Amino acid sequence: MQYPLPIAHLIDAYMRLPGVGEKTATRLAFYTMDMPEKDVEDFSKALIQVKNDIHQCPICGNITEKEVCDICSNPNRDQTTIMVVEQPKDLMAFEDMGEYDGLYHVLHGVLSPMDGIGPEEINIKSLITRLQKNDDVKEVILALNSTPEGESTAMYISKLIKPAGIKVTRLAAGLSVGSDIEYANSITLKRAVQGRTAL
Amino acid sequence: MYLDHFVVQNFRNLKKLDIDFDPNVNIFIGKNAQGKTNLLEAIYFLALTRSHRTNSDKELIGFGGEYTNLLGHVQKSQVDLTLRVLITQKGKKVWINRVEQAKLSKYVGQLNAILFSPEDLELIKGAPALRRRFMDQEFGQINAEYLYFASKYRQVLLQKNNYLKQLAKGKTKDQVFLDVLSDQLAGIAAEVIFRRFKFLRYLSHYASDAYAHISLGGEKLAIAYHPSVSTIEADDTVEEIYQKILANFERNKAIEMRKGTTTSGPHRDDIEFKLDGKNAHLYASQGQQRSIALSVKLAEIQLIHQLTDEYPLLLLDDVMSELDHTRQSALLNYIHGKTQTFITTTDLEGISWEIIKKPRVYHIQSGKISFEKEN
Ligand SMILES: Nc1ncnc2c1ncn2[C@@H]1O[C@H](COP(=O)(O)OP(=O)(O)O)[C@@H](O)[C@H]1O
Ligand SMILES: [Mg+2]
Ligand SMILES: [Zn+2]
């Protein structure tokens with residue numbers, strides 16, 4: 001039997017989310033049908049809003065609803081250090097830990113030729129122009145995951161910025177082989193921040 | 001170590017099995033296509049999370065089924081373990097003592113198994129890719145670092161080759177990133193090659209010892225490693241190997257960019273079996289080649305014992321009847337009291353029963369196993 005078209009559409013929509021298969025999507029679709037109208041309205045508004053109101057900070061690439069993100073517009077943060085991370089959620093992990101008070105640069109991915117992701121596809125160019133325009137930065141910390149792709153991305157970035165005479169360091173100790181920063185607990189992250197090594 | 005209990009759900013034609021094994025010798029008798037190899041393959045998969053005869057895990061799921069479940073209880077000298085593997089259409093998951101393991105490299109090596117089948121003759125006669133696969137499988141199960149570096153090598157090689165193709169097609173011009181990938185790949189390649197030299201040195205030692213036991217000719221067997229970057233030598237350090245590979249990548253850069261692929265490295269290396277210094281592939285007789293293949297398997301048993309202090313399981317698929325009486329008894333004497341052994345055969349003829357002490361005998365028919373009383 002075929003589902004009525006609106007339900008089939010909703011199931012398709014849910015299936016576009018990561019980790020949601022047909023079974024879960026069907027369950028969610030029928031659940032949505034039974035939700036109070038007000039809740040459904042709020043839900044759909046929230047969906048539109050993330051798309052309309054959230055964008056990448058033009059300076060660092062962090063996600064924000066303001067013109068420039070809270071970190072970039074905070075003069076009390078250490079303006080001499082930039083930590084490069086893969087995703088906004090990695091930035092959140094470092095912020096939650098509270099040990100780091102410099103600036104960030106969010107790449108939104110790592111280099112991966114087999115997935116068609118080259119230097120143009122992630123925020124590397126904006127990092128280089130940012131460093132060229134700004135003499136205050138003395139150190140760039142590469143806090144990328146220790147996957148093969150994270151490692152080659154880190155090597156690539158350090159090759160590009162080293163000639164500028166800026167110190168490039170890498171989070172080393174504490175992060176185990178193949179680990180994701182998102183899942184590392186704050187003690188390992190702290191150790192990683194303190195034990196970073198020059199590239 | 002030994003496997004004392006094994007539960008199989010839906011592995012090829014083995015619908016449902018729940019069996020206890022003898023710690024010493026287990027013999028499975030059955031006509032062709034009844035599931036003998038499937039059973040050994042299932043044990044091998046429980047140990048290595050891969051099959052010896054296919055790269056596609058999905059192929060193993062019994063026709064019409066959704067998933068395959070393998071559960072084994074392993075006795076080691078110090079501990080006992082429950083291992084579990086689940087194969088689904090989407091992939092596989094593994095558990096040690098009911099705790100799911102996020103990384104296969106944490107799981108592989110808990111149970112070791114060596115499988116010997118008539119196809120192993122290909123190790124000497126076949127294409128180089130078979131010998132590289134042999135190294136990756138066997139060294140991977142005894143050394144977690146080898147497993148880690150070998151799989152990382154495959155991944156970075158794929159990235160570099162993809163990037164070379166993009167350069168070849170003119171889709172990008174950025175050679176800085178190519179240099180980064182070459183540098184990264186050379187570093188991992190050096191780790192792989194260094195360990196291959198080391199393990200092959202041990203393996204060659206034990207294989208030559210085993211060959212002396214099972215062959216009657218008195219020739220000496222040796223195994224040599226031939227890296228595709230020919231400047232690399234057996235006693236180089238990881239750093240030296242890295243430098244040589246890097247120099248080689250640099251030298252071949254134009255060719256690689258034109259061809260869109262990496263032309264040298266561990267994925268192009270080979271090993272050579274030699275009898276009295278002569279290439280066995282070219283000069284050894286069929287019987288000598290069979291003895292070499294068997295010696296290599298026996299050497300792996302010794303190597304695993306040297307590195308882990310445990311003897312692996314030995315899975316002998318259809319090989320007993322192919323060995324003459326002398327080789328059979330040499331084999332059985334060599335492993336006697338050491339390995340838990342699983343032997344499959346279509347009939348009892350040709351097996352030197354008197355040498356096998358108190359085996360447990362099972363019959364396999366259409367994927368079902370029945371136990372015959374001890375004889
Ligand atoms: N995925 C599968 N599902 C069900 N049966 C399978 C599957 N793969 C192979 N088989 C069956 O397994 C049998 C072969 O078993 P095998 O163990 O190789 O035989 P043998 O006893 O000769 O060693 C064949 O009958 C084949 O059809
Ligand atoms: Mg068979
Ligand atoms: Zn910002």
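Tutor: One term before we start: helices (H or I, at least four residues) and strands (E, at least two) are DSSP runs, numbered from the N terminus. Residues are numbered from 1 along each chain as its sequence is written, while chains are lettered from A and ligands numbered from 1 in the order in which they are written. This is a predicted model, so local features need pLDDT of at least 70, side-chain atom pairs count only at pLDDT 80 or more, and totals for chains, interfaces and linings use all residues.

Student: Ok. Where does B:Asn32 lie in chain B?

Tutor: B:Asn32 is in the loop between strand 3 (25-29) and helix 1 (36-48) of chain B. B:Ala33 has its place in the loop between strand 3 and helix 1 too.

Student: And is B:Asn32 buried or exposed?

Tutor: Exposed, because B:Asn32 has 8 C-beta neighbours inside 10 Å. The cut-offs: a residue is buried if 20 or more other C-beta atoms lie within 10 Å of its own, exposed if 12 or fewer, and partly exposed in between, with C-beta atoms placed from the backbone. B:Ala33 is also exposed, with 11 other C-beta atoms within 10 Å.

Student: What does UniProt list for "binding site"?

Tutor: The unreviewed entry lists B:Gly30, B:Lys31, B:Asn32, B:Ala33, B:Gln34, B:Gly35, B:Lys36 and B:Thr37. UniProt positions are given in the numbering used here, feature names are shortened, and annotations may be inferred rather than shown by experiment.

Student: Which residues are closest to ligand 1?

Tutor: B:Arg12, B:Asn13, B:Lys36, B:Thr37 and B:Asn38, out of 14 residues that surround ligand 1. A residue is near a molecule or strand if its C-beta atom, placed from the backbone, lies within 6 Å of it. The shell around ligand 1 has 3 nonpolar, 8 polar and 3 charged residues.

Student: Switching topic: how many residues of chain B are in contact with chain A?

Tutor: 17 residues of chain B, in contact with 13 residues of chain A. Helix 5 (144-168) and helix 6 (175-214) of chain B are the elements that give two or more residues to the side of chain B that touches chain A. Helix 5 has the largest share of that side, 9 residues. By class, that side of chain B has 8 nonpolar, 6 polar and 3 charged residues. Contact here needs the C-beta atoms of two residues, placed from the backbone, to lie within 7 Å.

Student: How far apart are the end C-alpha atoms of helix 5 of chain B?

Tutor: 36 Å, which agrees with the 36 Å that its 25 residues should span at 1.5 Å a residue. The expected span is 1.5 Å times one less than the number of residues. Just after helix 5 of chain B, B:Gly170 takes a positive phi of about 75°.

Student: What's the domain assignment of chain B?

Tutor: Domain 1 is 1-112 + 311-375 and domain 2 is 119-309. Those bounds come from an automatic or database domain assignment. The C-alpha centres of domain 1 and domain 2 of chain B lie 28 Å apart. Their contact takes 15 residues from domain 1 of chain B and 18 residues from domain 2 of chain B. On the domain 1 side, helix 11 (residues 325-335) of chain B gives the largest share, 6 residues.

Student: Now chain A. How many helices and strands?

Tutor: Chain A has 7 helices and 7 strands, and 28% of its 199 residues count as buried.

Student: Where does UniProt place the "zinc finger region: C4-type"?

Tutor: The unreviewed entry puts that feature at residues 57-72 of chain A. Over residues 57-72 the chain is 0% helix and 12% strand, with the end C-alpha atoms 8 Å apart.

Student: Last one: is A:Glu22 buried or exposed?

Tutor: A:Glu22 is exposed, with 11 other C-beta atoms within 10 Å, and has its place in helix 2 (residues 22-34) of chain A. The C-alpha atoms of A:Glu22 and A:Asp12 are separated by 8.2 Å, and the two residues are 10 residues apart along the chain.

Methods:
Ala, Val, Leu, Ile, Met, Phe, Trp, Tyr, Cys and Pro count as nonpolar, Asp, Glu, Lys and Arg as charged, and the others, Gly among them, as polar.
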